[in-house]
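Dear colleague,

Please find below the structure I am handing over to you. My findings follow it.

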Amino acid sequence: MMSTRQNALKASDVALCGLVCLAGVAVTFLVLILFVRSEQRTVNVAFQLEVDERFSRLQRRFNTQVLKLDVVRRFFINADDVTEKEFLGFVTPLVGEDEAYSWVSRILEKDLQAFRAKALRNGTSDFSYHEINPDTGERVPLTRRPEHWILLYLLKRDDVKIIPGMDVLARPGRQALMSKARETRQIVVSQPLKMTNGQSGIFFVAPVFQELSGVPLSDDNLQGFVVSTVRLASLMEQGIPLPSLQRLNVTLSLIDTQHQGENIYQSSAPAAPSALYAQRLLKVADQNYLIRFRPSSTFLVANSYTLSISLIIVFGSGLTLLLTLMVYLLITQRARALSLVDERTQDLRLLNITDHLTGVYNRRYFEELMERLLIEANVQYRPLSLIMFDVDHFKQINDRWGHQCGDNVLKSLCARIRSATRKTDLLCRTGGEEFALICPDTELNNTRLLAEKLRALISTLPFDEVGQVTCSFGVATWIPSESFDAFIRRADSAMYRAKASGRDQVQLADMEQIG
Ligand SMILES: Nc1nc2c(ncn2[C@@H]2O[C@H](COP(=O)(O)OP(=O)(O)OP(=O)(O)O)[C@@H](O)[C@H]2O)c(=O)[nH]1
């Protein structure tokens, strides 16, 4: 019974530990999902903030470029005749790195001579009419045209030398761009064009019309153009701290042109594989740009949460293991305690039903056994016999050899009888030196033979110290429907008859019920 209980506990232990383990794993998984979601939101917010910050810088940079050009344009509108010195004096504070400002005068073919003379008079050095062959890049004489757009002043920070007097109409892309400014009378912005230093740049062109009060502006009032050129990479990157530059991959493309979708600028930080993406529309004068933002690996590393994920997994697994171990220990300790209680209960039960001196069943259990066996015998019609026996002259043994010696005789006597009987025969101590042997499934004659055998076993072999000991036996077999008391009385009477008849003998009980 105990081992069944232990097995059952083991199965339930494993199930419970498995459940605790599963619960631990589930909680860890849940925490992981919640953490990853929250971190993804945080990274997304960080990316959007970075994009907003970069976009506002770019917007400011482009707008500042337009504003500065407008300031120079107003200078030309308000001044009657601008000398090179005045131009340089006004523009120098505005020119940034990678930028150039120039003044291009509109000159009719017939005015070329006079314009050159005036320029030289105004102190413009090295003035010489020419244009650049777009195919060879060489300086060639002016082509005859009704009007020329002559570069007169130029201020820039690089070393490429431009000689005043160049007709910019011969330069690729300039005519369409400047004509647009002339027609719209607004500042226009070019697609990326090759600058004189060979680099790709954006041209901001502002038309300068002579404003006469009351007279509407016409093409003939066009005096020239103020042009600022900026290297595209400089426009996109100048003033932005290096760490910020490294965090984002930025591309710039034009909208509403035949180059739509083509990237005209790509930042040096490559895009890392990520779902993060943002795009913004940038309007500068007449041009619409699309700026696309993607995170670089630097951004992803700076906002990485893989270490935290590993820590959650390690701590979660550790806690799960610890919890499972604790539950396992608790369960096994509980099982051990229960089995101990079982053992103690059985010990107590044994103590309760056995005689402490001889170890055989006591009187109380004898009565309990008999009641149960009588019911079984009654129901199953099986024989049930009883041998009652009493040590002869036991008082004398006590008196002669002492009480301790008497005890030893009782113990040895029980040991002898148990060794000579079947396991199913139940030996009980019913009084001081009085015993009963219950013999289930045994007929009267066999019981008598057994009693004879026991009598001989006791009387023929001497006991330690005291020598020969004899017993008187009464044998009875249960008569169906006979009561417990009547059955005992019959066996008892037979035993007393054996005593009365000289002791050390076996007497059979009457087969008629007494009383
Ligand atoms: N040593 C010892 N003596 C016991 C124990 N129980 C009862 N006795 C003694 O057993 C003796 C029984 O004596 P009696 O009832 O006179 O019977 P008897 O001397 O055996 O004489 P008969 O039964 O007539 O042969 C008493 O002296 C009890 O004190 C016990 O557990 N140990």
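In strand β4, Leu154 is the bridge partner of Ser102. This is a predicted model, in which local features need pLDDT of at least 70 and side-chain atom pairs count only at pLDDT 80 or more, while totals for chains, interfaces and linings use all residues. Residues are numbered from 1 along each chain as its sequence is written. Helices (H or I, at least four residues) and strands (E, at least two) are DSSP runs, numbered from the N terminus.

Strand β1 and its partners. β1 pairs with β4 in the antiparallel sense over 9 bridges; two strands count as paired if DSSP finds at least two bridges between them. β1 also pairs with β9, again in the antiparallel sense, over 7 bridges, and in β9 Thr229 stands opposite Ala100. Of the 10 residues of β1 (residues 99-108), 9 are buried, so the strand is largely enclosed by the rest of the structure. Here a residue is buried if 20 or more other C-beta atoms lie within 10 Å of its own, exposed if 12 or fewer, and partly exposed in between, with C-beta atoms placed from the backbone.

Helix α4. In α4 (residues 174-184), the residues Arg174, Leu177, Met178 and Ala181 are buried. Seen down the helix axis, the buried residues of α4 fall within an arc of 90 degrees (taken from the directions from the axis to the C-beta atoms), so they line one face of the helix. Ala176, Glu183 and Thr184 are exposed on the face turned away from that buried side. The cover over the buried residues includes β4 (147-156), β6 (188-189), β8 (200-209) and β9 (222-231). Arg185 follows α4 and has a positive phi, near 60 degrees.

Nonpolar cores. A nonpolar core is a set of buried Ala, Val, Leu, Ile, Met, Phe, Trp, Tyr and Cys residues joined through C-beta atoms within 7 Å. The largest has 50 residues, and Val205, Phe225 and Val226 have the most contacts inside it. Helix α1 (residues 2-78) gives the most to this core, with 7 residues. A second, separate core of 40 residues includes Phe366, Leu386, Leu437 and Ala509.

Annotated spans. An unreviewed UniProt entry lists residues 12-36 and 305-331 under "transmembrane region"; such annotations may be inferred rather than shown by experiment. Residues 12-36 are 100% helix and 0% strand, with end C-alpha atoms 36 Å apart. Residues 305-331 are 96% helix and 0% strand, and their end C-alpha atoms lie 38 Å apart.

Yours sincerely

Definitions and conventions
Contact = placed C-beta atoms within 7 Å.
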